[in-house]
Amino acid sequence: MAVTGLIFVLFVLVHMYGNLKMFMGADAYNHYAHWLKGATTDTILYPLLPQGGTIWIMRAVLLLCIVLHAYAAITLWNRGNKARGNEHYKVNIGTKVRAGKTYQTLVMRYGGIVILVWLVFHLLQFTALQVTPGARPYSEADPYSNMITAFNVWWVWAFYLIALIAIALHVRHGVFSALATLGLLTRTREYGFKVAGDVVAILLVVGFMAPPTAILFGAITYGA
């Protein structure tokens, strides 16, 4: 879970950076979006790999990580239930004793479900172009206009905000937990790792929501 989680964090940070190309105009964003779909002729590691080969490797790795991450989550949940039995055991966290079902548990478990629902919607919307809310039809050739069409709809903007808050909370706790799980946590590093989780979480919400918010309020428009 720790390894696959950190891979996801790296991917979403890169994806966030790519989405900021919306502020650079249609040509810049469309080039990035087409590359992300493997539709451009240039590619990383070409000619060592076939054109578009790197993208398919990335997709395969991400799909494998999703499966492994979900499997790890279900496995840990089952182990926790078996260990708990019919009793709600207590966890001593130093300052006080409280029930084992904590805020972090709710964030990671139910936040993960929200993220999964959003991910399916996101892929159907911008990759498969099967869910296309907005006043204009979506075009595979013009992802820039698709973004503008989508986020001119207020509820799409709101849904993405909710999903990104869930992702941020998931990442905030996940970064700290993953680093601890991998044996990197010490008493002197604990504060720094918590700060790192906070910074990454805030960065993801602000970075991902900047283009949609600019679209919703008219700062990014068609043909800009």
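Which glycine takes a positive phi just after H6? Glycine 183 does, with a phi of about 85 degrees. The model is predicted.

**Helix H1 against helix H6**
- Helix H1 covers residues 2–19 and helix H6 covers residues 154–181; their axes come within 9 Å and cross at roughly 135 degrees.
- The crossing of H1 and H6 is left-handed.
- On the H1 side the contact is made by Ala2, Leu6 and Val9, and on the H6 side by Val171, Val175, Ala178 and Thr181.
- Sorted by class, this contact of H1 with H6 has 6 nonpolar residues, 1 polar residue and no charged residues.

**Course of helix H6**
- H6 has 28 residues, which at 1.5 Å a residue should span 40 Å; the C-alpha atoms at its ends are 40 Å apart, in agreement with that figure.
- A bend of about 25 degrees occurs in H6 at glycine 174.

**Course of helix H7**
- Helix H7 runs over residues 190–216, a stretch of 27 residues.
- From first C-alpha to last, H7 reaches 39 Å, close to the 39 Å expected at 1.5 Å a residue.
- At alanine 210, H7 bends by about 40 degrees, and proline 211 follows within four residues.

**Helix H2 against helix H5**
- Helix H2 (residues 26–36) packs with helix H5 (residues 143–151) at an angle of about 100 degrees, and their axes are 8 Å apart.
- That angle makes H2 roughly perpendicular to H5, the range for this term being 65 to 115 degrees.
- H2 contributes Ala26, Tyr29, Asn30, Ala33 and His34, which meet Pro143, Tyr144 and Met147 in H5.
- By class, the contact of H2 with H5 has 6 nonpolar residues, 2 polar residues and no charged residues.

**Valine 12 in H1**
- Valine 12 lies in helix H1.
- Leaving aside residues up to four places away in sequence, valine 12 touches Leu204 and Phe208.
- Valine 12 and phenylalanine 208 are separated by 196 residues in sequence, while their C-alpha atoms are 9.2 Å apart in space.

Technical notes
Residues are numbered from 1 along each chain as its sequence is written. This is a predicted model: local features need pLDDT of at least 70, side-chain atom pairs count only at pLDDT 80 or more; totals for chains, interfaces and linings use all residues. Side-chain values use heavy atoms; hydrogens and water are left out. Axes are lines fitted to C-alpha atoms, for helices over the stretch in contact, and angles run from 0 to 180 degrees between N-to-C directions. Helices (H or I, at least four residues) and strands (E, at least two) are DSSP runs, numbered from the N terminus. A crossing is left-handed if the near helix is turned anticlockwise from the far one by less than a right angle, and right-handed if clockwise. Contact means heavy atoms within 4.5 Å. Ala, Val, Leu, Ile, Met, Phe, Trp, Tyr, Cys and Pro count as nonpolar, Asp, Glu, Lys and Arg as charged, and the others, Gly among them, as polar. The expected span of a helix is 1.5 Å times one less than its number of residues. The bend at a residue is the angle between axes fitted to the seven residues ending there and the seven starting there. Angles under 35 degrees count as roughly parallel, over 145 as roughly antiparallel, 65 to 115 as roughly perpendicular and the rest as oblique.
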